[in-house]
Amino acid sequence: MTPDLVLRGGTLIDGTGAAPRTADLAVTDGRITAVGPDVPGTARRVLDISGAVVTPGFIDLHSHADFTVMGEPRAETQLLQGVTTLVTGNCGFSPFPVVPEHAAELRALCGFLDDGLTWEWTTAAGWAAAVERLPLGVNLAPQTGHGALRVAAVGTDDRAPTDDELATMRRLMAETAADGVVGFSTGLIYPPGRYAATGELAALARIAADHGLLHSTHMRDESAHLAAAVEEAVSIARQTGVRLQISHLKAAGVPYWGTVGDALRLIDAARADGVDVAADQYPYTASSTTLTTVLPGYALDGGVAALLRRIADPEQRARLVADLTAGEADGSFSPDRVTIAEFPEGTHPDHARLVGLTVTEAAAALGTAPADTVLDLLAAHAGQIASIHHCMAEDDVHRVMTHPDVAVASDGWILRTEGRGRPHPRSFGTFARVLGHFTREKGVLALPEAVRKMTGLPASRLGWTDRGTVRPGAVADLAVFDPDAVTDTSTFADPWRTATGVVHTLVGGRLAVTDGRAADAGAGRVLLHGGTGGDGSTS
């Protein structure tokens, strides 16, 4: 059979960590059909990629694109980095399941992520069907968020679920597993996930384990109690047998820099003891999330609406101010390290001048104390403010990056190439940054190992055998880049800039990027566990 496409003359890095080699690739009907010197000499199309590197398409284990894909389904920010698959539903946030009595609470909880979702579904299958109708640029692999399960059964109150409510959460988790989600995620710094005890999480993780799914966790603490948070996550995996993925591993806060070594040792010890645990990381010293994360835990008991009532009540506001001020003293709230990234569109346009300022700088501009500034801004913008937290050490980033069981992942959600605010650069540059800054310029990783951390390693965490490596029979999700030029151009001061140096990106054998420009092929799919998804089997 004549191949649809042959990539000729490139240097192959196959995703396994093996040394680079010169090899041609043939692609037919969306699959790689030949690799090496014996590739057919003719094809419907031949691309000369001499001087470039060809690898599997990059798999991002930690994305929130399930909330933004309807706003920009072409996902050019990802394709221009060579990313072909985004794993969504992380940190306990997913846009399903939805129950009518708590739908407004779920939408408010996820409001800082939402970019144009229609919310026309109630189930994981309904979300997948709606997304499949889009001209998808990349593949999406959904997970079920614990926060969404808890909202559906309990709402947003800070309390333990009743037996009936836990049974409802378990039923909904099983239903989403049957719908084909690839994992179960927890976000234990966010309400309502932070209100859950370990036993509740284990009860749901056990269902994920029974279905062969991944458990991705944003742990309960990434600062003073980082080690205890790792131990809790590992204990759940040990009890249930679930495959554990520790999300965006870091030590946040100046007093805790260096403690990532303790976390990595705990991971190594658990693996040596037979626990299936690994981690992922974004290559920056700043995180990004909602500004509400600087508040004490009780602030969001009852959801965003309850928070706004607390801010409006003089007595409760005074308590919040006192707690935030105490946080400044003990280092748990550092207003000079928290930057305002974006306000919701259409609310208080005068505040646009504050975007890009730290909370300290914004407080000076407004003539208020930092604690009051946080509360005033949250009240003015319905609690929906995106923020960036400059809280990690570069040495820690290097140390985590070199661990063999840590994958590269973005924790991003922006798929548009133009937009508002000053979002975190990670949506635009994570994978190119590892290849350019950390591999070519700093030598933190060798190129085959950097590629493995973006391809073969994340695929193995999901149990996928037909993505993540270049071999005959694998899906033809591929990235072709110039190893001397690939780089990230997005910065904190000027984030709306896409990566450069990726020459071609193929999704399912179709060219989604050609000669460094998005081709809008629309070849992406929703990849479902046990279906026609990552492992190539049929349902």
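Reply: What follows covers helix contacts, then cavities, then pockets. Keep in mind that this is a predicted model.

Me: Start with H6 and H7. At what angle do they pack?

Reply: About 50°, with the axes 9 Å apart. H6 covers residues 198-210 and H7 covers residues 226-240.

Me: Why do H6 and H7 count as oblique to each other?

Reply: Because angles of 65 to 115 degrees count as roughly perpendicular and those under 35 as roughly parallel, an angle of about 50° makes H6 and H7 oblique.

Me: Is the crossing of H6 and H7 left-handed or right-handed?

Reply: Right-handed.

Me: Which residues meet there, H6 against H7?

Reply: On the H6 side they are Thr198, Leu201, Ala202, Ala205, Arg206 and Ala209. Their counterparts in H7 are Glu232, Ser235, Ile236, Gln239 and Thr240. Sorted by class, the contact of H6 with H7 has 5 nonpolar, 4 polar and 2 charged residues.

Me: What about H4 and H6, how do their axes cross?

Reply: At roughly 105°, and the axes come within 12 Å. H4 is residues 146-153. H4 and H6 are therefore roughly perpendicular to each other.

Me: And which residues of H4 and H6 meet?

Reply: His146, Leu149 and Arg150 from H4, with Glu200, Leu201 and Leu204 from H6. That contact divides into 3 nonpolar, 1 polar and 2 charged residues. Leu201 is also among the H6 residues that meet H7.

Me: Changing topic. How many cavities of 30 Å³ or more are there?

Reply: The count is 6.

Me: What volume does the largest cavity have, and what lines it?

Reply: The volume is about 110 Å³. Its lining includes Phe93, Phe112, Tyr190, Pro191, Leu300 and Val304. Thr290, Thr292, Gly383 and Gln384 line the largest cavity too, and so do Ala108 and Leu109.

Me: How many nonpolar, polar and charged residues are in that lining?

Reply: There are 8 nonpolar and 4 polar residues in the lining of the largest cavity, and no charged ones.

Me: And the second largest cavity? What is its volume?

Reply: About 90 Å³. Its lining divides into 5 nonpolar, 4 polar and 3 charged residues. Among the lining residues are Glu342, Asp411, Trp413, His424 and Arg426. Strand E17 (338-342) and helix H14 (426-441) are the elements that give two or more residues to this lining.

Me: Now the pockets. What is the volume of the largest pocket?

Reply: About 1,100 Å³. The lining has 46 residues, and Ile189, Ser223, Thr293, Val294 and Ser332 lie nearest the centre of the pocket.

Me: Which element gives the most to the lining of the largest pocket?

Reply: H10, with 4 residues. Strand E16 (286-290), helix H10 (314-330) and strand E18 (386-390) are the elements that give two or more. By class, the lining of the largest pocket has 21 nonpolar, 16 polar and 9 charged residues.

Me: Last one, the second largest pocket. How many residues line it, and which are closest to its centre?

Reply: The pocket holds about 480 Å³ of space. It is lined by 21 residues, and Phe112, Asp114, Asp115, Glu342 and Arg420 are the closest to its centre. The lining has 10 nonpolar, 4 polar and 7 charged residues.

Me: Where else did Phe112 and Glu342 come up?

Reply: Phe112 lines the largest cavity, and Glu342 lines the second largest cavity.

Technical notes
Residues numbered from 1 in each chain as written. Predicted model: local features only at pLDDT ≥ 70, side-chain atom pairs only at ≥ 80, totals over all residues. Heavy atoms only, no water. Axes fitted to C-alpha atoms, helices over the stretch in contact; angles between N-to-C directions. Parallel < 35°, antiparallel > 145°, perpendicular 65-115°, else oblique. Left-handed = near helix turned anticlockwise from the far one by under 90°. Contact = heavy atoms within 4.5 Å. Nonpolar A, V, L, I, M, F, W, Y, C, P; charged D, E, K, R; others polar. 1 Å grid on protein atoms, 1.4 Å probe; cavity = no way out; pocket = protein on both sides within 12 Å on 5 of 7 lines; lining within 4 Å. Points joined across faces, edges and corners; volume = space filled by probe spheres on them.
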